[in-house]
Amino acid sequence: MNDNDKIELDMNNIPKHIAFIMDGNGRWAKKRFMPRTYGHNEGTKTIRKIALEANRLGVKAMTVYAFSTENFARPDDEVQFIFKLPKTFFNLYLKELIENNVKISLIGHLEKAPQATQDIVNEAIEKTKNNTGLNLCFAFIYGSRDEIVCSAKKIAQSVKDGVIDIDDINEDYFQSTLMSSHLPDIDLMIRTSGEQRLSNFMLWQLAYAEFIFTPVYWPDFDEHELHKAIWSYQNRDRRYGGLK
């Protein structure tokens, strides 16, 4: 498919849950001789743009990898800038998201963020809790191995306390203990910037997802790129380990 080709999507085969590893903000900024923080700021505009288009298409959930548990290893000034981005994002776009029936949710350890960040995120979650359109989920201070370990601890405690029997533990029960239990399994995972790894992102939930790795940096990812990714998804044969 050429970039200028008109894309006809099958509206009866839209992925229910699309997840994004939003990569390339820093490199995008560096190419423009700007600080990495400029790239992160521009990346928030892409979240808004893609969320509104996903909502229009009928996508039920969209998860964005906003900050990983490993990102604390970055320079402190960059980390602190990222912690301020939720305030910038919601101050600019929350009203529009509410008008479009978008619901905000979160997975991760928000409690490890500064109080001001916690307050603005919790306010957005509260104000949109009754919305029934796209569930825009931020994976924030999130790591998949950490999520799985947290679930294992909760289950072990429940067994120890006699709340459940060990034979009650199956895949459905385990999934119900995950941070992401309010989300459907991921159908399509898109990573921008050309990197081809999962970086500790939603390992359980990606079990049968289709993967797309695009060289496009996240600030340049637009509605046309989203349509291309969904078109590719629609033209794959999803067998879930079986035969057709």
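Reader: Where is Ile 141 placed?
Author: Ile 141 belongs to strand E4, residues 135-142. Strands (E, at least two residues) and helices (H or I, at least four) are DSSP runs, numbered from the N terminus. The model is predicted: local features need pLDDT of at least 70, side-chain atom pairs count only at pLDDT 80 or more, and totals for chains, interfaces and linings use all residues. Residues are numbered from 1 along each chain as its sequence is written, and side-chain values use heavy atoms, with hydrogens and water left out.

Reader: What's the phi of Ile 141?
Author: Near 50°, which is positive in a residue other than glycine.

Reader: Is Ile 141 buried or exposed?
Author: Buried, at 1% relative accessibility. Buried means under 20% relative accessible area, exposed over 50%, and partly exposed in between, with a 1.4 Å probe and protein chains only.

Reader: And what about phi for Ser 193?
Author: Ser 193 has a positive phi of about 85°, and it is not a glycine. Ser 193 is in the loop between strand E5 (188-191) and strand E6 (210-213). With 9% relative accessibility, Ser 193 counts as buried.

Reader: Switching to helices. At what angle do H2 and H3 pack?
Author: Helix H2 (residues 36-57) packs against H3 at about 30°, with the axes 10 Å apart. Axes are lines fitted to C-alpha atoms, for helices over the stretch in contact, and angles run from 0 to 180 degrees between N-to-C directions. That makes H2 roughly parallel to H3. Angles under 35 degrees count as roughly parallel, over 145 as roughly antiparallel, 65 to 115 as roughly perpendicular and the rest as oblique.

Reader: Left-handed or right-handed crossing for H2 and H3?
Author: Right-handed. A crossing is right-handed if the near helix is turned clockwise from the far one by less than a right angle, and left-handed if anticlockwise.

Reader: Which residues of H2 and H3 meet?
Author: From H2, the list includes His 40, Ile 47 and Leu 52; from H3, Phe 81, Leu 85 and Tyr 93 are among them. Contact means heavy atoms within 4.5 Å. The contact residues divide into eight nonpolar, five polar and five charged. Here Ala, Val, Leu, Ile, Met, Phe, Trp, Tyr, Cys and Pro count as nonpolar, Asp, Glu, Lys and Arg as charged, and the others, Gly among them, as polar.

Reader: How do H3 and H4 cross?
Author: The axes of H3 (residues 76-99) and H4 (residues 115-127) come within 9 Å and cross at roughly 20°. H3 and H4 are therefore roughly parallel to each other, and their crossing is left-handed.

Reader: Last one. Where is Tyr 233?
Author: In helix H7, residues 223-234. Tyr 233 is buried, with a relative accessible area of 5%. Leaving aside neighbours within four places in sequence, its contacts include Asn 13, Asp 187 and Arg 238.
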